[in-house]
Amino acid sequence: MKKTVLLIMFSLNINSIWADDFKFGQICITPHTIEQKEIPNAANEILKAKLTQVLTNQGVAAGNSERFIIVPHVLVNNISTTATIPSKTSVKLSVSIAIGDGVNGIRFSIHTMELIGVGNDYDDAVLSALRKIKVNGTDIESFVNTGTSRIVDYYNANVHKLLSQAQASMDYGDYEKAITILAPIPSFCNSYTESQVLLEKCGTQIIKRDNERHLRDAQSTWSANPTTSGAKAAKSHLSHIVAPTPTIIKKVEALNSKIEKTLEKNEQRDFELAKLQICTQSEIKQAEIHASASVASAFYSSIPQLIIKVLSWF
């Protein structure tokens, strides 16, 4: 009789999942707004959108930084009423945007533009003016380049300390913490390659740790309930394994064999039959990068509101 095994098929669709992950090597700056009584609350969304455009147009990742920020400041210079019928409200604004280190309160670069907005009321006029914020041009490019150059200087001056901190976290088994230290290091930094080597090691250890956990869960599930439903539950745990090593594959096959011997023939037919696939080195490496990128994405999407120091920037 032909031998059968439970379906444990591993497939890595790296291209599709990579698109949603943290992009290593990019300079990261987080758009941040400060409360100003002179502008309506609705202005914050417009300002954040404009700041994001300013950054992305220059190849900078908008977000994913706990330290480096881009901040706007709005100064209302004049409010008037137009002579039109019906009359409108007109405002003149000075809008400054600054890039800097929000933790240490150090401004790196600043750019100011004069804007005019007209609307049915004051709030409407302010929003109209803010929608005219420039997101392109040589002046914007120079402003962003000055800021990013200072960020690269920061990493070049501190990268060895950061690498040591990351290695210490790895030594304690806290690979997620190490990734949050390493992930923002830009490719322009002198020790970028070293940071990527450590990131891949983190990904390797996370995959190994998680695969072993999923296997243990499957084994304990089957031991506690050696029935068809228990086999299905074990299969569910095993389906989370990615880039399995030959060692993991052997252990999964041993579990398959144990399940096969216990289940009746008609119960075995409930399972689609296949075999484990040994991933290529390229697939494993991409899986390691993805594991690290997923951790970074999850961390930076949930960081709390930054406590920043920008009082003297404007």
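The exercises below work through a predicted model of a protein chain, each with a solution in steps.

**Exercise 1.** Determine how many helices and strands the protein chain has, and what share of its residues count as buried.

*Solution.* Begin with the secondary structure, where the protein chain shows 10 helices and five strands. Next take burial: of the 314 residues, 46% count as buried. Finally, consider the contacts with a separation of 6 or more, 74% of which come from residues 24 or more positions apart.

**Exercise 2.** Work out which strands pair with strand 4 and in what direction they run, and explain why strand 4 is described as largely enclosed.

*Solution.* On one side of the pairing list stands strand 3 (residues 68-81), which is joined to strand 4 by 13 bridges and runs antiparallel to it; here V76 has L93 of strand 4 as its bridge partner. Strand 5 (residues 106-119) is likewise antiparallel to strand 4, with 13 bridges between them, and in this pairing E114 of strand 5 stands opposite S94. The hairpin of strand 4 and strand 5 has four residues between the strands, and G105 takes a positive phi near 70° there. For the last step, apply the cut-off for burial, under 20% relative accessible area: 12 of the 13 residues of strand 4 (residues 89-101) are buried, so this strand is largely enclosed by the rest of the structure.

**Exercise 3.** Identify the residues with the most contacts inside the largest nonpolar core, and find which element gives the largest share of this core.

*Solution.* The largest nonpolar core has 54 residues, and those with the most contacts inside it are I29, I70, L93, V95, L130, Y155 and I185. Elements that each supply at least two of its residues include strand 3, strand 4, strand 5 and helix 6 (192-224), while the largest share, 12 residues, comes from helix 4. To look at one member, leave aside residues up to four places away in sequence; I29 then touches, among others, L55, F68, I70, I99, T148 and I151. Apart from this core lies another, of 12 residues, among them A231, V252, L255 and I259.

**Exercise 4.** Compare the reach of helix 8 with its expected span, and list its buried residues.

*Solution.* Helix 8 (residues 246-262) has 17 residues and reaches 25 Å from its first C-alpha to its last, close to the 24 Å expected at 1.5 Å a residue. Its buried residues are I248, I249, V252, L255, N256, S257, I259 and E260.

Conventions:
Residues numbered from 1 in each chain as written. Predicted model: local features only at pLDDT ≥ 70, side-chain atom pairs only at ≥ 80, totals over all residues. Heavy atoms only, no water. Buried < 20%, exposed > 50% of the residue type's maximum accessible area, 1.4 Å probe, protein only. Pairing = 2+ DSSP bridges. Contact = heavy atoms within 4.5 Å. Expected span 1.5 Å × (residues − 1). Core = buried A, V, L, I, M, F, W, Y, C linked by side-chain atoms within 4.5 Å.
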